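Subject: Structure for your review

Hello,

Here is the structure I promised to pass on. Please open it first; my notes on the findings follow below.

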Amino acid sequence: MPTESGTTSYWHGMASSYAALGSPLRPVREEIQFMEEAVAGWAAWHSRTPRAVLIGVTPDIAQMAWPAETTLTAVDSSLTMASALWPPNGPARRRLICGDWRSLPLRRGSADIVIGDGSINCLRYPDGFRLLAAEVSGVLGDDGLLVLRCYIQPEQQEQSDQVMAELFTERMPSFHHFKLRLLMALQPSADKGIAVSDACEFWAGRAIDEARLARRTGWEKAAIEMIRLYRGTDTVHTFPTRTELGMAFDEFFDEVSVFVPSYYLGERCPTILFRPRRGLRSV
């Protein structure tokens, strides 16, 4: 059972600070538009209203333009996140279920679209990835579509010293961009992931003058201070390479297409469309 200094307080802090997040830690309009077009294309091709499942409670996805009469079911294990972020109104018929993504409380073949934003990066590699892939494969019909916005580690991993060296010299758009680069650089390997508390300790150990950093870069001081949400939590994020993601998903899904956004670090935040491999309904 998490304590206030652990996972519960981390997700509580993230929920209360979500509005302050920006690219690349939440989807921007071009990414949402790609998702909308993918869903609309599926609905037009199949001539029916989709049954959609959202892995998480990302409000930008919940409130996007869904085809008329779409049913949207969100699944999240954090009641804190769900209560804080699940929007009360929207264009789709919606419901919220508390559950584990690795064991979805949904009937097999009950969904046409499964969609998520950074969901996979909250799981451990490779077992958590494979469990999610197997569950989603079972929930989707044979003609279904999986839409995942992912955070992807470069094949040639950056070093933390390189990221820090560019802190004052490289014009990164925001502290959110810096933080994503730092987390990826600090990750020992995909199977170990990166404990966010380690990133907080690394940052604190560098004794950066945050006021000077804000003045020099124009970054919001509140965004810089958000790294303290990482302190004392056991939360681990996982950043696979595209190759590693493929190794975990290939048994269950074929990749259909990839959208890479135009913003800084967009190549690390692709939205990938997957189609279930046929003959796996018994998995």
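The protein has eleven helices and nine strands. Helices (H or I, at least four residues) and strands (E, at least two) are DSSP runs, numbered from the N terminus. This is a predicted model, in which local features need pLDDT of at least 70 and side-chain atom pairs count only at pLDDT 80 or more, while totals for chains, interfaces and linings use all residues. Residues are numbered from 1 along each chain as its sequence is written, and side-chain values use heavy atoms, with hydrogens and water left out.

Overall figures

Of the 283 residues, 56% count as buried. Buried means under 20% relative accessible area, exposed over 50%, and partly exposed in between (1.4 Å probe, protein chains only). The protein exposes about 12,600 Å², and carbon and sulfur atoms supply 51% of that area. Accessible areas come from the Shrake-Rupley method with a 1.4 Å probe; for residues, only the protein chains shown count as cover. Contact means heavy atoms within 4.5 Å. Among contacts between residues at least 6 apart in sequence, 74% join residues at least 24 apart.

Aromatic rings

Rings of Phe, Tyr and Trp (its six-membered ring) pair if their centres lie within 6.5 Å; planes under 30 degrees apart count as stacked, over 60 as edge-to-face and the rest as tilted. By this rule there are ten aromatic pairs. One of them is F34 with F259, stacked at 4.9 Å centre to centre and 15° between the planes. This pair links distant parts of the chain: F34 is in helix α2 (residues 29-46), F259 is in strand β8 (residues 253-259), and 225 residues separate them. F34 is buried at 16% relative accessible area. F259 is also buried, at 19%.

F249 and F253 form a tilted pair, 6.0 Å centre to centre with 35° between the planes. F249 has a relative accessible area of 2% and is buried. F253 is buried at 1%. Elsewhere, F175, F178, W203 and W219 form one aromatic cluster.

Two arginines sit over rings. The charged end of R206 is over the ring of F202, 3.8 Å from its centre. The charged end of R212 is over the ring of F168, 4.5 Å from its centre. The test is that NZ of Lys or CZ of Arg is within 6 Å of the ring centre and within 35 degrees of the ring normal.

Helix α7 and L265

H177 is in helix α7 (residues 175-186). H177 is buried, at 4% relative accessible area. Leaving aside neighbours within four places in sequence, H177 is in contact with S23, P24, Y264 and L265. L180 and L265 are 85 residues apart in sequence and 9.0 Å apart in space, C-alpha to C-alpha.

L265 itself lies in the loop between β8 and β9. L265 counts as buried, at 6% relative accessibility. Its phi is near 75°, a positive value in a residue other than glycine.

Helices with one buried face

In helix α9 (residues 210-217), the buried residues are E210, L213, A214 and T217. Seen down the axis of α9, they fall within an arc of 100°, so they line one face of the helix. The arc is that of the directions from the helix axis to the C-beta atoms. Their cover includes α8 (196-205) and α10 (221-225). After α9 comes G218, with a positive phi near 80°.

In helix α11 (residues 242-249), L245, A248 and F249 are buried. Down the axis of α11, these residues fall within an arc of 90°, so they line one face of the helix. What covers them includes α5 (127-139), β5 (140-149), β8 and β9 (271-276).

Backbone points to check

A cis peptide bond joins Y125 and P126, with omega about 0°. P126 lies in the loop between β4 (111-117) and α5. E69 has a positive phi near 70° and is not a glycine. E69 is in the loop between α3 (59-62) and β2 (71-76).

Best wishes
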